[in-house]
Amino acid sequence: MIALFVLRTKGDVKYFTIHSFDKSNLVKHCFTTRCGGVSQGEWESMNLRINCGDKRENILKNYEIISETIGVNVKSLVLSKQIHKTDIVDVDKNDCGNGLFYDNKFDSADALVTNQKGVTLVTFYADCVPVFLLDTKREVLALIHSGWRGTYDEITPKTIKHMIDKYNSNPNDIIAAIGPCIRQCHFQVGEDIAKLFAQKYTKKIVIQSSGKFYIDLPGCINMQLTSMGVVPDNITDAMLCTYCNPELFYSHRRDSDKRGTMAAIAALV
Ligand SMILES: [Zn+2]
């Protein structure tokens, strides 16, 4: 496992790219930060969260800024519908604009997959774990929203299985990345959830400190990736905690609902 997310700056915009994805020359992509947008107050400033009380004109402007920054057409964006389930939705050109320029047509879409060039996947985060997958041989791209429920319910292994079944992917050809998320330093959970994770994975996933329980979601996802056959050297982990870095990230645990939302954005080119 390698920690190679690169923080990039373009004007006021700060965003991360994944070194292995850059090197593939197959995608345009980023994980956004809160920096470089036009939203104000609790949404300051690169808020990409629809229907949160922030001005729609500001949210749209933010989408335009980040799209231009990474070189994708804002009209090609396809927004997810994240409800902490494990439904995986294949998207194509007919879905461009979904959730941004017309009402979101998905009922449940915590994972988006495409093999079409120029279709830009967008998934949202403010602590939950972003997972990027790219089959570099078949040219299949997936973005996954994996909170604790999605992680426990194995949305990442299910997405890889979907790539194998539907697109004939070989896990050996998949490069993967785990983006900034709430890490074990701050992800306190109840004893019941800690026990579920310790039973399903290993006790190493749970740390107990002063009677409190902390779980390592990226650690679980890393185990899931390798158990599906993804090569450890092909997995990148940002190793960044959203709670620990208020200047870069919104965090639901830290700021509750007074916050914006970051996004993973990626398109095959
Ligand atoms: Zn932390």
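Hi everyone. Let me begin with a definition: a residue counts as buried if 20 or more other C-beta atoms lie within 10 Å of its own, as exposed if 12 or fewer do, and as partly exposed in between. Please keep in mind that this is a predicted model.

Now, where does D173 fall? It has 17 other C-beta atoms within 10 Å, so D173 is partly exposed. You'll find D173 in the loop between α4 (155–167) and β10 (174–178). Leaving out residues up to four places away in sequence, D173 touches D135, T136, K137 and R138. Take K137: it sits 36 residues from D173 along the chain, yet their C-alpha atoms are separated by 6.1 Å.

Next, let's turn to a sheet. Three strands make up this open sheet, in the order β11-β13-β12, with antiparallel pairing. Which strands stand at its edges? Those are β11 (188–189) and β12 (206–209); each has a single partner strand, so one side of each is left without a neighbour in the sheet. Between β11 and β13 (residues 212–215) there are two bridges, and V189 stands opposite F213 in β13. Helix α5 (residues 191–200) packs on this sheet, where it touches β11, β12 and β13, and its direction makes about 45° with that of β13.

In soluble globular proteins, nonpolar side chains tend to be buried together. Here the largest nonpolar core has 80 residues, and L112, F132, A142 and A176 have the most contacts inside it. Strand β15 (residues 262–268) gives this core its largest share, seven residues. As for L112, its contacts beyond four places in sequence include V78, V91, L121 and A142.

Conventions. Residues numbered from 1 in each chain as written. Predicted model: local features only at pLDDT ≥ 70, side-chain atom pairs only at ≥ 80, totals over all residues. Helix = DSSP H or I, 4+ residues; strand = E, 2+ residues; numbered from the N terminus. Contact = placed C-beta atoms within 7 Å. Pairing = 2+ DSSP bridges. Axes fitted to C-alpha atoms, helices over the stretch in contact; angles between N-to-C directions. Core = buried A, V, L, I, M, F, W, Y, C linked by C-beta atoms within 7 Å.
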